[in-house]
Amino acid sequence: MTEQTCPVILAYALVLVGTGASHRMAGTMDAIILQILNGLDKGAAYALIALGLTLIFGTLGVVNFAHGALFMIGAFCAVALQALFNASTVTLDPTKLDFLGNPAKVETPYLVSWFGPEMGASIIDWSVPLAILFAFPIMVIFGFVLERGLIKHFYKRPHADQILVTFGLAIVLQEIVKYFFGANPIPTSAPDVFRGSLDFGVWLGFEANAIIYPYWRLVYFAFAALLIASVFGFLQFTTFGMVVRAGMADRETVGLLGIDIDKRFTLIFGLAAAVAGLAGVMYTPILSPNYHMGMDFLVLSFVVVVVGGMGSLPGAVLAGFLLGILQSFASMNEVKSLIPGIDQIIIYLVAIIILLSRPRGLMGRKGVMEE
Amino acid sequence: MSNSRFTRRGLLKSGTLAGVGLAMPTIFTSRANAFTNDPTGGTVTLGFNVPQTGAYADEGADELRAFELAVEHLNGGGDGGMLSTFSSKALQGNGILGKKVQFVTGDTQTKSDAARASAQSMIQKDGAIMISGGSSSGVAVAVQGLCQEAGVIFMAGLTHSNDTTGKDRKANGFRHFFNAYMSAAALAPVLKGLYGSDRAAYHLTADYTWGWTQEESIAAATEAIGWSTINKVRTPLGLGDYSSYIAPVLNSGADVLILNHYGGDMVNSLTNAVQFGIRDRQANGKNFEIVVPLYSELMARGAGQNIKGIPGSQNWDWKLQDDGTKAFVKSFGTKFGFPPSQAAQTCYAQTLLYADAVTRAGTFNPCGVVEALEGFEFDGLGNGKTLYRAEDHQCFKDVIVVRGKENPENEFDLVEIVEVTPVGQVTYAPDHPMFAGGALGACNPGA
């Protein structure tokens, strides 16, 4: 935690403690802990998207406005797999009538026919976790094709051109998804075993049901932490990662050593696409996927990247969690009663404060995005 | 002696001829522009302004299907749908006043400025004489204002805010869909029966005109049956993740969560509330309950199993058993393969009502249409006996109270009808405080 972020957190804590004194303290503590959990959860999604954005920017120098669309495509990989698992044989049941009075259609999923009712239903039930295996290769290949087919032609173009082409690409991708899946949100459930909530408060000495938190959100947080750790581990402890880090620091020198850094950076684009896609897959039980969900996350994720420091991977993760937590606190009634509307501007307000006091962001490096 | 060839008689003749000549274009112009977009050929153009992109695009698509069906029936095609059950027998399936009906479409994008722009284009470029459609009260209010200024009739689609026929009512605008007050009046007695009269409600409300009026209406109605209101929290539109707003509800002292959200917002907030175990909790010694005052079947599909058992209200449901509903469902279902939504039904009904009013008035002049619709009582369009009240241009009819079905038989069987609340129970005075602050004004024929 940098010294610039401490005053923001401290100010928040003072507001909350101050309001807590005038309200039920225990109730406020419940709410604070719940909002910390919420913030970590939101922050995990922001951090995962921002991590991919930063990877692409740090390696290829491309400002990728299509990154939110990659998150959305990941989510729709889960939807597609769910639809695939639910592919059914259709028979007519003369004992039941449809809405027009014709014999009703009865659908039996192929998986149920092949593996029996119990096993077939279990496979369908676990479609979201299984979609990780489905989405990973798709997203890597998609990222690879995207970089080779489009993005590479814009490396030497101004950032404004990159933004325009990637933003246009994002719109094209979401319209394609809308064409095939419709505009409405599509319910995508977590496995039955993860339905329900954990009584978190009991662990902390609160009364039963004081602080409960959905199991799947905890799973999402753990998954995000694991994914972030894997990306850092990959970059830190593998030869491939070492070369990539060297290329991020000094691309020309690495090239002079005879290493084809472009090929590695292309793979990094695929990896970043996969990170965004997997974040989308696991987010589907939290937010029913819709074609514009990527855009909803994109702007916030860019703020996260800027606040964290352009090109800084730890900065992106730190800023993701920081802004997620602050956004959750800003939604508390006690805070909103003091500063109406704060929940809608908090992220931008904090971004302004941080950038005024530290123009390179929390962990930005000198020379990145600077003439 | 003068050689001039001007004579007094000649001057008078020339003056008269010149006067007539000069007046001629004015006569023709005034004749041609008696009202905006007077259809002079063999066709008449209607403008259907629906969300074709954006979050409500599926709802817009269903509205367009209904409009297409209505036009087909007006022109004598198909099985006639509700033309055969409509109590008014003015329409003969030969277009409107003998002119073949054609239509143009616009995309509201569920944005007021985009909706106004597309409506304006349809009026000015395509010659649309009536505008209908929309899936948002913000859009409806904006387009209604535009139609008033332009001098065309606006037959509102799906708009539920009290303001549409309240403070923002306009003489050229008519709403068939019910409103937030009616939802509250129908729901409150059912909620009392389901959950008792000692309840504490917490409102999460979409922060725009529809959300505000629904929150006001539901809070007033539930307080009237003895419930208390713990908090009213406004949430941004299109938020996505509502967890930060749901978490404070858990230990707020409330035992009922009222979601004044619609569409995608409703799907997300309801899903989040269920994930946080609200329906499995107890508060104040009672089961924690969730209420969604305005249901949308199309959007409810997005909420999946989370809507089971949750009460709400609808303007219409395809499972109603009156002749009008049966005819419409058969007609729509046969053509498109699935039952119509309430948005489709209200758009279909509005198109027929406009055509019927023109036919009865014998003119496309908006002021004639307004006169024909004001105080018009009808039946056979799926909602039972209905009145288009003259004072505010709001339709008064029965309201459907529904609950999410526990064991749906198919993907369209999402809700079950709990009660059909009679119109008398949802009727209010034209000067009711929740609808105050506006006036219809005079009808505007435009031109």
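Is His393(B) buried or exposed?

## A loop residue in chain B

At 0% relative accessibility, His393(B) counts as buried. Buried means under 20% relative accessible area, exposed means over 50%, and partly exposed lies in between (1.4 Å probe, protein chains only). His393(B) is not a glycine, yet its phi is positive, about 60°. The residue sits in the loop between strand 14 (386-388) and strand 15 (395-396) of chain B. Helices (H or I, at least four residues) and strands (E, at least two) are DSSP runs, numbered from the N terminus.

Asn284(B) also has a positive phi without being a glycine, here about 55°. Its loop runs between strand 9 (282-283) and strand 10 (286-287) of chain B. Asn284(B) is partly exposed, at 46% relative accessibility.

## About the model

This is a predicted model: local features need pLDDT of at least 70, side-chain atom pairs count only at pLDDT 80 or more, and totals for chains, interfaces and linings use all residues. Residues are numbered from 1 along each chain as its sequence is written, chains are lettered from A and ligands numbered from 1 in the order in which they are written, and side-chain values use heavy atoms, with hydrogens and water left out.

## Aromatic pairs

The whole structure holds 37 aromatic pairs over all chains. Rings of Phe, Tyr and Trp (its six-membered ring) pair if their centres lie within 6.5 Å; planes under 30 degrees apart count as stacked, over 60 as edge-to-face and the rest as tilted. Tyr283(A) and Phe297(A) are edge-to-face, because their planes stand at 90°, with centres 5.4 Å apart. Tyr283(A) belongs to helix 11 (residues 261-283) of chain A and Phe297(A) to helix 12 (residues 293-308) of chain A, so the pair ties together parts 14 residues apart in sequence. Both Tyr283(A) and Phe297(A) are buried.

In chain B, Phe376(B) and Phe378(B) are stacked, 5.4 Å centre to centre with 25° between the planes. Both Phe376(B) and Phe378(B) are buried. Arg360(B) lies over the face of Phe376(B), 3.7 Å from the ring centre. A charge sits over a ring if NZ of Lys or CZ of Arg is within 6 Å of the ring centre and within 35 degrees of the ring normal. Arg389(B) places its charged end over the ring of Tyr428(B), 5.0 Å from the centre.

## Helix 10 of chain B

Which residue caps the N-terminal end of helix 10 of chain B? Asp322(B) does: a side-chain oxygen lies 3.3 Å from the backbone nitrogen of Gly324(B). A polar contact is a pair of N or O atoms within 3.5 Å; within protein, one must be able to donate a hydrogen and the other to accept it, and residues adjacent in sequence count only if both atoms are side-chain atoms. After the helix comes Gly337(B), with a positive phi near 90°.

Buried residues of helix 10 of chain B include Phe328(B), Phe332(B) and Phe336(B). The buried residues of this helix pack against helix 2 (57-74) and helix 11 (342-361) of chain B, where contact means heavy atoms within 4.5 Å. Ring pairs link Trp316(B), Phe328(B), Phe332(B), Phe336(B), Phe338(B) and Tyr348(B) into a cluster.

## Salt bridges

There are 22 salt bridges over all chains. Each is a side-chain nitrogen of Lys or Arg within 4 Å of a carboxyl oxygen of Asp or Glu. Glu72(B) and Lys335(B) form one of them (2.8 Å, N to O). Glu72(B) lies in helix 2 of chain B and Lys335(B) in helix 10 of chain B, so the pair ties together parts 263 residues apart in sequence. Glu72(B) is partly exposed at 24% relative accessibility, and Lys335(B) is partly exposed at 37%.

Lys286(B) forms a salt bridge with Asp255(B), the closest N and O atoms being 3.8 Å apart. Lys286(B) is in strand 10 of chain B, and Asp255(B) is in the loop between helix 7 (243-250) and strand 8 (256-260) of chain B. Asp255(B) is buried at 1% relative accessibility. Salt bridges that share partners join Asp198(B), Arg199(B), Asp255(B) and Lys286(B) into one network.
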